[in-house]
Amino acid sequence: METPLLHPKLKTALSCLFDNNSQNQQHRHEAHEFLLSFKSCNVRRLVVSRLQSQRDKLNKQQDLDDHDSSDEGINVGEPVLDFFVSEDLAGSVYLSCLALLLEHDSFNNGTHDNHRPHEKIFAAQTLNHRCRSIKINESFDIEAEDGVECGVARLVLAWDEIRREKLRIEGNGAAIHVDRDIIVSGANDANAIVALGERSKSILKAWMERYIPMLVNRCGSSLSNSDVHRGGTTSLCNGTELLAVVLEKHTSILQEFVTSHNQEEKGEERVKGTLEMLSIAVAIYTAAFYEFEENYFHDFHQQSQNPQQKTRTPWANAVLSELGSALSITALRIRYHPTSNAYATPSPPSPSCPPLVDMLVQALDLVKVGAQSYFEQKLKQTNNRHMQSIIESAHLNALQKSFAACLKALPETVLLPPGLEEGHRIPSVDRACLRAASIELRNVGDLSNVGTGIDRVCEVLSGLSSNADNSIQVDDLISIECFESWARFVTVPIHVVEMTVGRMAMNYLHISRHHEMSIHYQKARKSAFQYVTTIFEGASPSLTSGDILAALLGVAAGRGVSGGNSKGKKNPSNKKKIGNRSKKRHEARLGRVLSTQDEEHKESMGDNFNRFEGDSGSVEIEAAELLARKNSACYAASFVFGISMPDGQPSTPEDDWGLRLAATSDTTSSHEICSTITACATSVLPYLLSMERDGNDLLGNHNWRIDLFTSIMNVVQRICQCPDRNIRALAYEPLMILHKHLNAVVSVSLIMENIAVDAICNCVFSLAKSCGYPDGYFNLLSDNNDEELEIERNDVRDVVRSISSFENENFEHSPSIMILKSIIHACNMAICESNNLPPETAVHILSALAKPLNTLAAHYKQHPSSNANTVLKQSLQSLYKVCERINSVYDTLPVSQTLP
């Protein structure tokens, strides 16, 4: 059995770090240093660097020795190079990691003796790190198995010789136009170029003949029909054998690349990139297959032999995520290459190169076909129906998880999230390539053509479930997680919202209906809530068109203005102040990119560009995406609350539909449910209000807007009454944002605006009542304060001041004066109707309005008005009543009652 050169050293180093063996403790430092060097090793770049360095020295020495000598007869740059590399790193990093991933460390009779998930996780992380950090020609370093001089250096020198010869021929061609023999010389140069192309093809063919068999032979056991026994169990899928089958069935693809590429670097990159994608796809499939196999044998032994067995260590999700990211970035490097203009958007190398999503799907389809052929041959040797059943189930499960993992990892790897302050891990790829990928993955099709982004993903997952060969039923949990990943980066089109939220996620969003809460159902429900919340947060009012434009054009560097993380949660402690210089550099870079994009847009439009003054493709895209995000959030909310149907006709939903009964009981008042409601309120309510003012009909009937607005506000009011103060705190932001958008008009005239004013007032009263001092709070004045209660009371006071503030200096008919008037009237009524002490809640609200009342009074002095007069009179009357009541009972009631 052949193994990669670095494979034994890698396993030894990992065992020193992760195994609880006392003998390995003293070697952990050396193991750690080796793994760091292993992960960052780049022999190809080292050889190129030394070659160039030596050539520069010779050229410099030649210039110093003889400035007048001609270049004829002098072969510059043929040094005796020293490619010495430490023996510890002699070998292929890629091949060693692939060998670890294709191994099957199954249970030994259901125990953990031979299970080493840390090896697979480290191997997957290393491959992903190298695919993100270095070029394909450097990351796929299989020629290093023949040593640095015999493998890497020979290949580098061969390509370098061809490249230098091309430069010489092109230089002669440029200078020969004054020669009489221009035709003869030109023909000779053309023949020389053709000869160099043939040499390039011969090098690639020789490389393939040498290293493709090595890729298979050194990843595990030799190709045979026998199973491999590892740890006392029999593996039903040998990853190395499957890789051999896949490569054998699709060798013609590689041969086409060799014959179609005359440029040495592109030909080598395409061949290596294809091998890298196929081998990683096989590793993804085998990881998912091994996980199913381990789950099956774990459950079997747990039920039949060892009921007290501990739960196994999960590893497959981490491995699938890392490998999916590696596969995505490899596809990106193959499809897009940098151009001479750093700010221009590159195009695919050829029309035959498929989009990124299709590249992933095609790689997995090739593995699917190879796996079917592999298992057909395997099952011919046995009539064991039980084994056949296990293989079929594991095969379908592996395909399902493989497709979902890759499609989920693609946006997380390639796209930039709009409006994030914290850093986003950006791969070491030219920003122009990221920009091209971003434009491609944000492309949404129409009724006749499917786009190349999330709608294509939706079509792929739907096609898997309705496949003619039967059968891959994609699990809801996996699908929802995949769509949630995309929703964090791109707009979810309405037809995808209809399919995912309206049909799939709604199976888990009926909070009032009792289901069998299995672990799988709980996970799917949690993912459904997270997916819907992500759609709502993608339309947040704090997200600007500039954030979207920066992420779209690949110049965002992962920072923006919203202050949230990838899951949309606030995290002020991680905020990083952006300096003025950084802002200026970012604006300059964005300006250059915009200028180039607009030039490209102008060229694509031709004569039509001049018909519209100020026409700009980038501005159109960002405005359209921001509007699409808001429309998608409204559609998702309509499905969640059952307000309208996709055809625009009003529906008559059941009272317990979706989230309608949120915050009505302990089980429906969880943070998961209420945070989804408040995210919906924050994004959808302002947009509904703006549509109502503009008269836009998203669904063709404006009545659905008022119904949806009312349903959301009813739930927000119940959240304000929740016994849990952490749940009540979720309502602060939606109320203040709604007031900000409500106060943008000079007067309240629409039905929706009146509903908003009444709902905001009711929410304030509920919040103030919920944070009142409990009975007996001041009985023992020596006790410490309830800090959480005092903080909440201060927060509520801030909310009350915020929703009563005058931002547009409209003091007569603005929403703020209407809210203030309603609150003051309610407080005055409560105080006047009380017999003894006034309600502490009313006094608390009244005291919080000191600043708005002072602003109103100062304006009233110069510009008297009826509404201001009423508000000020009632507020002074309430203050008088409070002071009078306290003075009258101060001597008769204990201080614990008067002090609040």
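Of the 900 residues of the protein, 50% count as buried, where buried means under 20% relative accessible area, exposed over 50% and partly exposed in between (1.4 Å probe, protein chains only). The model is predicted, and local features need pLDDT of at least 70, side-chain atom pairs count only at pLDDT 80 or more, while totals for chains, interfaces and linings use all residues. Residues are numbered from 1 along each chain as its sequence is written, and side-chain values use heavy atoms, with hydrogens and water left out.

The protein has 33 helices and two strands; these are DSSP runs (helices H or I, at least four residues; strands E, at least two), numbered from the N terminus. Among contacts (heavy atoms within 4.5 Å) between residues at least 6 apart in sequence, 77% join residues at least 24 apart. L6 and Y94 are 88 residues apart in sequence, with their C-alpha atoms 9.8 Å apart in space.

Helix α2 covers residues 28-40, and its 13 residues reach 19 Å from the first C-alpha to the last, close to the 18 Å expected at 1.5 Å a residue. That expected span is 1.5 Å times one less than the number of residues. A31, F34, L35 and F38 are the buried residues of α2. Seen down the axis of α2, they fall within an arc of 100 degrees, so they line one face of the helix; the arc is that of the directions from the helix axis to the C-beta atoms. These buried residues pack against α1 (7-18), α4 (93-102) and α5 (117-133). The face turned away from the buried side carries the exposed residues H29 and S40.

Helix α27 (residues 751-770) packs with helix α30 (residues 840-848) at an angle of about 120 degrees, their axes 9 Å apart. Axes are lines fitted to C-alpha atoms, for helices over the stretch in contact, and angles run from 0 to 180 degrees between N-to-C directions. V764, F765, A768 and K769 of α27 and T841, H844 and I845 of α30 make the contact.

| Residue | Location | Relative accessible area |
|---|---|---|
| L6 | segment before α1 | 0% |
| A663 | loop between α22 (617-641) and α23 (671-694) | 12% |

A663 has a positive phi of about 65 degrees although it is not a glycine.
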